[in-house]
Every structure is written in C-alpha cells, then in structure tokens.
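What follows is a guided reading of a structure, meant to be taken alongside the sequence and the 3D view. Please keep both open as you go.

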Amino acid sequence: MSDKILKKDQAASFLAELAQKRDLHAPALAGGRLVWAPLEPGQEPLWQFNNTALSPKEFFFPQTECMMRFTNAQDHEEGMVMHSEPELARERALVNMRPCDAKAFGVLDLIFCQDEMTDDPYWRDKREKSLIIALACNDPCPTCFCTSMNCGPHSEAGADVLLIDLGDKLLAKGVSDQGEAAIAALPAATDDDLAAAAEAKQMAEAAIITTVEMDQINERGLMELYEAGHWDRTQESCLNCGTCTFCCPTCHCFDIQDETQGPAGRRVRNWDYCMSYLFTLHGSGHNPRGSKKDRVRQRFMHKFKYIPVKRGGEIGCVGCGRCVQLCPVNIDVREVVRDMNA
Amino acid sequence: MDNQAIAQGIREAAQRLLAEGLVDCVLGYEAGTVPMRERPFFAYTPEEALRLTWSGFCCNNLANFLIRRPQGETGKVAVVAQGCVSRNIVGLIKEHQLSREQVHVIGVASPGMLDRDKVQAAVGADKVISAAHEEGDELLVEGPGWQERLERKKVMRDNCYTCVQRNPVIHNELIGEESEPTHGGVIDKVAAPWEKLDPSERLAAFGENYQDCIRCYACRDACPLCYCHVCFVDEAKPQWCGKTQDEADVLTYHLLRAFHCAGRCTDCGACESACPQGIKVRRLTGKIEKDVREFYGYAPGLDEESVPPLSVHKPDDPQGFIK
Amino acid sequence: MSSNESFEPRIAAFFCNWCTYGGADLAGVSRLQYPPNIRAIRIPCTGRLSPTFVLQAFRQGADGVWISGCHPGDCHYIEGNLYARRRFTVLKSLLEYVGLEPGRLHFSWISSAEATKFQQTVIEVTEAVKALGPSKFLRKEIGMVA
Ligand code: SF4
Ligand code: SF4
Ligand code: SF4
Ligand code: SF4
Ligand code: SF4
C-alpha cells in the first residue's frame, strides 16, 4: 500500500474531486458542539479537533431505520404488498474520521456480516458505499485509551485511507484498494515525510495518558468474571440511561417494530441498549436481566469478554472515551475494566 | 465557608454517622475521573467517607438514589442535600417513597452549581480542560499549556440562577451557614421566550429545542421524580409513544414526561446536567412550575405539610375555558 | 375561514359515561341535528382520562379533542371531575405553550339532561376545529409507498 502526500491547501480541491461521485461528510462545529455535518465541495474540513460528541455510527446504523414497507391491499392476490427500502442512492466519503471510530466499524463488520446467514444488507449497503478517510490523532484527549484496546491514535484498521497531519501537509496512506484508488493521483511521500509521520505516531501514542490491562480478563473464565464481587459497587450509581451505549461507536443493539397506519405499515429498527428495562424483557414478563446490576454487567461483559471470545479476540470497545466524558454519573469504563482485571 | 471546609464538614459528619452506626450508608459526592464531573458516591464505612467531597460540580440530584436506597441494619441512610435536593426529599416523603425517619439529611447551602457545557463554551469548544477549581467568585480553568479565570456567576447552571431556595428546607444537621435563598434570577423567565411567540412559532421552537435529542432518557433517569417501575415510554400494551426518532415520538416523550412532573418538579436541573446533548429540558417543566404556582399557589417541596396540587382540588379552582 | 370550508375535521370526543354520554343519547333520541365530525369514546369518568389519551388522539390524526363530563358537584364518583379539572387546566396550558392552537382542545360539563347544550357544543367545537384546518400537532406520519 502506498504513502502519498496531500498539501492542506490542495485538500479542498482533492475533496471536490471525490465529491463528483460521493456525498462528503466531516466533523464540524455547530453551536459549540462537534458534530458530523455535510462538507460542501470546495470547503476545507477541520484539521484540529477532538472527537465528535456522538460516534458516526449513524451513517451505517441509523438510530431509526426503515427496513421495509407494506400495504394491506385487499384487491391484490397476496393480500399484502411488500416494498423493500431503497438502497443508498449515492456513495459517500466520510472525511477525517478518528481512527478509533474507523476501527469500531471494522469490529462491527464482524458482527453485522458474520456469514451467509447472518449478513445485514442495511449495514453492508452503507458500508460498501462509504469511503472512510481517517485522520490520525496527534493530540489525544485525556480520556482516550485506544492503545489499550487493540487500537491507537494512528490505527489504520477499518479505514480506507489514513491521513497523518504533518503541519502544512498530510501523509495519505492507502489502506484498502478503494482507498488506494482514491489517492492514486497524489504525489508520493518522501523518506523525510515517512520519518515525520513515524515520529508523530510515536508522540501521539506516548501522549495517551491512561492505559488499562486486559490480561486477567482474557485469562479468566466467563463465570468467574460474571460472579466477581465488584459488580455491586460498579452498578451502584448507574442511572440505567442510554447515554453510554448511544454515544458508543461499537454498541449495535437494536429493536425491531412494525408501525401501522390504516392500510400502510413499515418495519423500523431503532437503537436499543442493554441498560434499558425493556432490553431482553420477555413476552411472559420474565426478564433474564431483571436488575440494574444484571444490565450494567451486561454492558461490560459484552464488550470485554463476550465479544473477544466470539470474535477472535477483537474487543467491543475501541477506547474512544466518549462514555467516560458523557456518563452523567461518571461511571468510567477504564475503572470498570481495572476492576474486572484485578 | 469555602468548598474545602464544607467537604471537610461533610466527611466528619459522615464518619461520625457511620462510626456510631446511625445510618447504613452516606450518599454524597466524590471527585470524578474527569474534570467538572463530581459523581454520586455511596460511603458505607468511615474510611470510605474520606472520599466524599463538595464543589460547584455536584450536579446530580442525590434524592434520586433514595428511591431504591441501600437497605441495611439501621434502615436509615444519610444524604448530602442542597436546597433543591432537600425539596425533592420532601416530595418523596409526601409521595410515600420514604419516611422522614429513614433519611438523615446532611444539609448544605448550595453555592449555585456550575454548568460544564458553559465552561467549555467559555474557554473554547475544542479546548481540552484538565482541571477546574473554584476560588471564591472565580473558576480557574486549566488545560495543557493554558489557564483561564472565569467569573463563577457566568457559568452557573440556568436553574441555579432562578433557584428560589438554596438552603435545605429540611435537615438533621447543617454544614456551613445558610446563604441568601436566591441568586436573584426570576424563575418565570424560563418559560418567557416561548410565551412571546404565536402558536406556529411555538411549535417550531418546540421541535427545534429537541431536535438533537437521542432519546437516551438520561433526563428521566437522573430525575428523582421519575421512579415509576415502568415508564409510560416503555409501556407496550398499549404503546403510548413510538420508539423512533420521528419528531412526533420524541416530542410525545418530552411532553408527557414534563406533565408527569407537574406540581412535583423542584427545578433542580439534574435533567439538564445529565443530558449528553445539552438540551434545555426545563423549557417544559419551567412552564408547568409557573402555571402550578399561578393557578394553585403551590411550589413543590418547600414544606412538609401541603398536599401536591394535582392530588387535591378546590370548589373555586379556575375553569374559565370549560364550556 | 374560506380555505377550510370543505375540510371535515376528525374530533376525538371523550365523554363521561354518567352524563355527557347520556346527553348525547338524549340528543339522538330527541332527533337534534349536529355535525358528524365527532368520534365519541365513552370513559367512566373524566377523572379516568389520562393526558396520554389526548396526545394519543393528536398523534393518530385527530384534528381536535373534546373532553366532557359532569358538572362540578355531580360526579358519580363525587370528585373525579374536580381532579380532572386541575389536570386539564395544566395540560391545556402546556399544550398551547408548545404550539397547539387554541381551539383544538375543548372541555365542557354536560349532564345527561342537557341535550341542547350537547348539540350546541358539538357545533361550537366542530366549527372551532374546522376553522383551524388539519392539525399537524404531534401527528405521527409513517408515510406510504406510492
Ligand atoms: S465503551 Fe466507551 S470508550 Fe469504549 S468504544 Fe464505547 S464509548 Fe468509546
Ligand atoms: S449489549 Fe449493551 S454493550 Fe453490548 S452492544 Fe448492546 S448496548 Fe452495547
Ligand atoms: S453507565 Fe452512565 S451513561 Fe451508562 S447507563 Fe449508567 S448512568 Fe447512564
Ligand atoms: S424534571 Fe428536572 S428539574 Fe425537575 S425535579 Fe426532575 S430533574 Fe429536577
Ligand atoms: S437526556 Fe437529552 S438526549 Fe437524552 S432523552 Fe433527555 S433530552 Fe434527549
């Protein structure tokens, strides 16, 4: 895979080129908050920013997504007419995605598209039609712990292109074939550029001030972790709200509902979250995760044990630190992992 | 008394209560792992009580944790309570969620809590804040290679400006002195911006206010009034509120939740402090607070005797609009 | 008003079993004419009416909502309507505060003997809602495919 150079003052025209066949989106400030917003062709994206408050998973896994529509048509021989939802009309480029988010979508690919039987067409369609141009972090936040989570401020996983900020220019690394094609026309990087990029990477990794260990979690059996004594304290102040899971790039639970109005209907899926009382509530009224403790434990066990066991060691957390910043009672995932690993 | 002295007072009180076996647990705040986010802490032993703290970033309403409180030998828990929290405790007692004997109130006059979003906005949306300390009327904010002093008053939470009772209305002991009951703000102003608009503008403002809502329900879950075992939004038979992000569903949630707080909301601001999206949830509860005061002369949680306004009626209640 | 002349509103009407519902019956038996825009829903008492029902009606496409019960003092359950009065007062103010047009939500006290009042109120309510045109307030639209 090749290493190219993109001068910042040429970035706008490079992106305008991409915009001919894709819609562009990038992080932008709106009302004091960092959000994902459409990037107009010719507009230069932000190069210096912390991560967006919410993860960009909405691009692939919208909070509310119509899966199909149906109409009750008595004159039709089937009685019911089904309509599949149209696929994404135009391809997209997601510019300056942080490496942790790109990595998260790589992990989610393993869950949404497991095998022939388990292959989510909604997820797949949007993933295949999106080019991810990641921007490496040179100034990680104090809440970032990506280096402990199979990821890092310069991680390439899940991205098509990785950009590394070298001041007035960017080193562009092709990661996938799609990414290679996108940067093919750019000039090659020099050895000096590569050295500068390597140095930036080293400095960024050194700037990650928190780390957590997972060795004991990996070693211990599932039931031992499940029955550990710390859960009573871990769950104590939790509000069982949806904040930590909704902001998280790797949380992917959903709930499917049919909505009807007169003869028309639609099937929608909405984000769900293990903290919710409704999560896993059975029709009978029984709930295998009936208590707050059960629900809190599920979140951490899923991320740090169940996913690693089932997905070849991948972790259900990329260390983006969003939940650390947003949890209203400051339940800090890093502390919980330390307790699990203790 | 400054924050350190109050924190010390809280720790001493908590240690004494726990050492003497008078309570099972002390509910207070401890320093969080990120700046500007003190967090709820449950102290069960005198040693744990040393972790308790006090600052302008104690933005959770601890009355929330009294509903499903720890149950131990004494059957009693102590809780650190500023004005609004004490009002919510009174409310819980009135609603029979708790009896006065089951709670030991460690009262503290509220300094007016601070809004971390306002602090962030004041120093620059994208700056990393590594610490924030109160020094008298100022807040010293620090980040990598920079420092900035902010006027405390300018970054106070909206509800703390308009608070009408900063002092605990009930307490078993008081740490520090009582303060002026208000910060001088006018609570009626919460609803004023929309009251000026005509119906279509109101509807637009209503939608806009909640357009970024992600329905995480942190506003509900942080609120000491929202203790229903099954909230109406979670009911399935019948389903009162759709699950989607459609505006109709999002607004239905907010309207009904606000209505369920009628005559009960103490304007503690815990809902707004919890919201990850910075949504002004009090736009609705503020209006109801004002109406309940104007129609029925009632303000929640200020005394232990009066009956909540929607649980009672009078022959001459206003009914001008009824045909 | 002219643009709404041909518009036929749908009005969800919640009537107390012990009074207004009887009033409606009497109006019918007495052959009093009134507009057909109301969909009567019988409830045991206005005190039973949760504000949720009102929102639900608007969500499901009602252009107006009308709630009617016993005069103060006449409640079958002694005071259900008096609790309801407080609840409605706060609810109406809240809904109008967020943009429900005054004229979409109505309340009345009508006894089972007041057939004429019933007739007049249906006319009044229907005209008020009709004048406002179709409601968009909280309306849930799931969309249809062509
Ligand atoms: S669990 Fe928290 S830190 Fe980990 S990926 Fe999710 S939001 Fe980020
Ligand atoms: S079970 Fe919980 S932690 Fe796991 S993906 Fe679902 S919401 Fe996230
Ligand atoms: S951990 Fe925090 S954000 Fe997550 S459900 Fe509990 S209170 Fe909400
Ligand atoms: S609605 Fe908000 S302000 Fe009112 S009591 Fe609940 S958390 Fe406090
Ligand atoms: S906390 Fe904020 S984002 Fe979450 S449901 Fe409430 S208003 Fe919406």
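With which side chain does that of A:Arg127 meet in a salt bridge? The partner is A:Asp109, and the N to O distance in this salt bridge is 2.6 Å. The two residues lie 18 residues apart and link distant parts of the chain, since A:Arg127 sits in helix H3 (residues 121-128) of chain A and A:Asp109 in helix H2 (residues 99-112) of chain A. Over all chains, a search of the whole structure finds 58 salt bridges. The model is a predicted one, and every distance and area given here should be read with that in mind.

Chain B is built from 11 helices and nine strands. Its radius of gyration is 20 Å, close to the 20 Å that the globule rule gives for 323 residues, so chain B is as compact as a globular protein of that length. Taken along the principal axes, the C-alpha atoms of chain B fill a box of roughly 60 × 50 × 40 Å.

Chain C can be described in the same terms. It has four helices and four strands, and from the N terminus on these elements run β-α-β-α-β-α-β-α. Along its principal axes, the C-alpha trace of chain C spans about 50 × 35 × 25 Å.

We can now turn to the places where the chains meet. The size of an interface is often given as the accessible area lost when the parts come together. Between chain B and chain A this buried area is about 3200 Å², with 51% of it on carbon and sulfur atoms. On the chain B side, B:Arg37, B:Asp126 and B:Ile214 lose the most area to chain A, and together they account for 17% of what that side buries. Counted by residues, the contact takes 39 from chain B and 41 from chain A. Three salt bridges are counted between chain B and chain A, and A:Arg233 forms a salt bridge with B:Glu48, with the closest N and O atoms 2.9 Å apart. Across the interface of chain B and chain A there are also 19 residue pairs in polar contact, both residues being at pLDDT 80 or more. The elements of chain B that give two or more residues to the side touching chain A are strand S2 (39-43) and helix H8 (218-221), and S2(B) gives the most, with four residues. By class, the residues on that side of chain B divide into 16 nonpolar, 11 polar and 12 charged.

B:Phe259, B:Phe321 and B:Lys323 supply 21% of the area that chain B buries against chain C, more than any other three residues. Five salt bridges are found across this interface, and B:Asp249 forms a salt bridge with C:Lys140, in which the closest N and O atoms are 2.5 Å apart.

The surroundings of the ligands complete the tour. Among the residues that surround ligand 1 are A:Cys248, A:Cys317, A:Cys320 and A:Cys323, and the shell divides into seven nonpolar, two polar and two charged residues. Of the 13 residues around ligand 4, B:Cys223, B:Arg257, B:Cys265, B:Cys268 and B:Cys271 come nearest, and the shell holds seven nonpolar, four polar and two charged residues. Ligand 5 has around it, among others, B:Cys213, B:Cys216, B:Cys219 and B:Cys275, in a shell of nine nonpolar, one polar and one charged residues. The residues around ligand 5 also include B:Ile214, which is one of the three residues of chain B that lose the most area to chain A.

Terms used
Residues are numbered from 1 along each chain as its sequence is written. Chains are lettered from A and ligands numbered from 1 in the order in which they are written. This is a predicted model: local features need pLDDT of at least 70, side-chain atom pairs count only at pLDDT 80 or more; totals for chains, interfaces and linings use all residues. Side-chain values use heavy atoms; hydrogens and water are left out. A residue is near a molecule or strand if one of its heavy atoms lies within 4 Å of it. Ala, Val, Leu, Ile, Met, Phe, Trp, Tyr, Cys and Pro count as nonpolar, Asp, Glu, Lys and Arg as charged, and the others, Gly among them, as polar. Contact means heavy atoms within 4.5 Å. Buried area is the accessible area (1.4 Å probe) that two parts lose on being put together, summed over both. A salt bridge is a side-chain nitrogen of Lys or Arg within 4 Å of a carboxyl oxygen of Asp or Glu. A polar contact is a pair of N or O atoms within 3.5 Å; within protein, one must be able to donate a hydrogen and the other to accept it, and residues adjacent in sequence count only if both atoms are side-chain atoms. The radius of gyration is taken over C-alpha atoms; the globule rule is 2.2 Å times the number of residues to the power 0.38.
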